[in-house]
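My notes follow in the order I took them.

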Amino acid sequence: MTIEFANRLAELRKEKGYSQEDLAGKLGVSRQAISKWERGEATPDSDNLIALSSLYGVSLDELVHQKRGEGKVLDDKTEDDEEKEDSEEKEPETEREEEEMDPRIRRLRLIEGIVIPSLALVITLVYVVTGCLLDAAMPDPWVWKIGWVFYLLLPAVSSSFAFVRTKNYELISGILTPLVVMTYIFLGMLGGYWHPSWVVFLLIPVFWGVFGAINKKASK
């Protein structure tokens, strides 16, 4: 795919007022796929090209080749159009900026910014209070030894929010990996099963391989 075609796809989308996520929903593909098309890293298949030409109101030939005359959909702007564009806020050029313009993404980031620190505070309070209470009841309370493991929930929850925002399936591995580590530590410290339970770590490369393949397929 040429960079001119990639830029044309991005311009047409913005001209119609669609976000990458809006367009992905209409085409039934992932937002990452749209992003790759508009960066020139991948090419829409024939079905998606037809769907794009229909959504943008141009012929397939105009979409792909941008013929002069009727196909010159991006460059033929009137003075009024240019004045209107100058008066409006410049549209975001990077994926990060586009995400910040999406109310849903901003809302998720806000929720994440509240949930993660709150969860860390709750884990700390429960860990310290429970440890102190059990300290008075038994000489060597298990909570001091193992309670810290619950901090591994923080990267798992953070990856969960990132997955909801981006639909990047590889992030599911970022959710499961801390849970695997927690399982190993619990089995080892509570049951003494350090030796047989190490095999759970073999699941980690499996997770990344499987979800990486799913993500790659969804991005096409």
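I count a salt bridge where a side-chain nitrogen of Lys or Arg is within 4 Å of a carboxyl oxygen of Asp or Glu. The model is predicted, and I took side-chain atom pairs only at pLDDT 80 or more.

Entry 1, salt bridges.
I searched the whole structure and found three salt bridges. I started with Arg 39, which pairs with Glu 41; their closest N and O atoms are 2.9 Å apart. I then looked up the accessibility of Arg 39: its relative accessible area is 37%, so I list it as partly exposed.

Next I took Arg 13 and Glu 38, whose side chains form a salt bridge at 2.6 Å, N to O. I placed Arg 13 in helix α1 (residues 3-16) and Glu 38 in helix α3, so far as position goes 25 residues apart, a link between distant parts of the chain. I find both Arg 13 and Glu 38 buried.

The remaining entry on my list is Glu 112 with Arg 165, where the closest N and O atoms are 2.6 Å apart. Glu 112 and Arg 165 are both buried.

Entry 2, cavities.
How many cavities of 30 Å³ or more does the whole structure hold? My search gave two. I followed up the second largest cavity, which holds about 30 Å³ of space. I list its lining as Leu 9, Leu 23, Ile 34, Trp 37, Glu 38, Leu 52 and Tyr 56. Two elements, α3 (31-39) and α4 (46-56), each give two or more residues to this lining. The largest share, three residues, comes from α3. By class I sorted the lining into six nonpolar residues, no polar ones and one charged. I note that Glu 38, a lining residue here, is also the salt-bridge partner of Arg 13.

Helix α10 covers residues 153-166, 14 residues in all. From first C-alpha to last I get 20 Å, close to the 20 Å expected at 1.5 Å a residue. Which residues of α10 are buried? I list Leu 154, Ala 156, Ser 159, Phe 161, Ala 162, Phe 163, Arg 165 and Thr 166. Just after α10, I noted a positive phi of about 60° at Lys 167.

How values were computed: Residues numbered from 1 in each chain as written. Predicted model: local features only at pLDDT ≥ 70, side-chain atom pairs only at ≥ 80, totals over all residues. Heavy atoms only, no water. Helix = DSSP H or I, 4+ residues; strand = E, 2+ residues; numbered from the N terminus. Expected span 1.5 Å × (residues − 1). Buried < 20%, exposed > 50% of the residue type's maximum accessible area, 1.4 Å probe, protein only. 1 Å grid on protein atoms, 1.4 Å probe; cavity = no way out; pocket = protein on both sides within 12 Å on 5 of 7 lines; lining within 4 Å. Points joined across faces, edges and corners; volume = space filled by probe spheres on them. Nonpolar A, V, L, I, M, F, W, Y, C, P; charged D, E, K, R; others polar.
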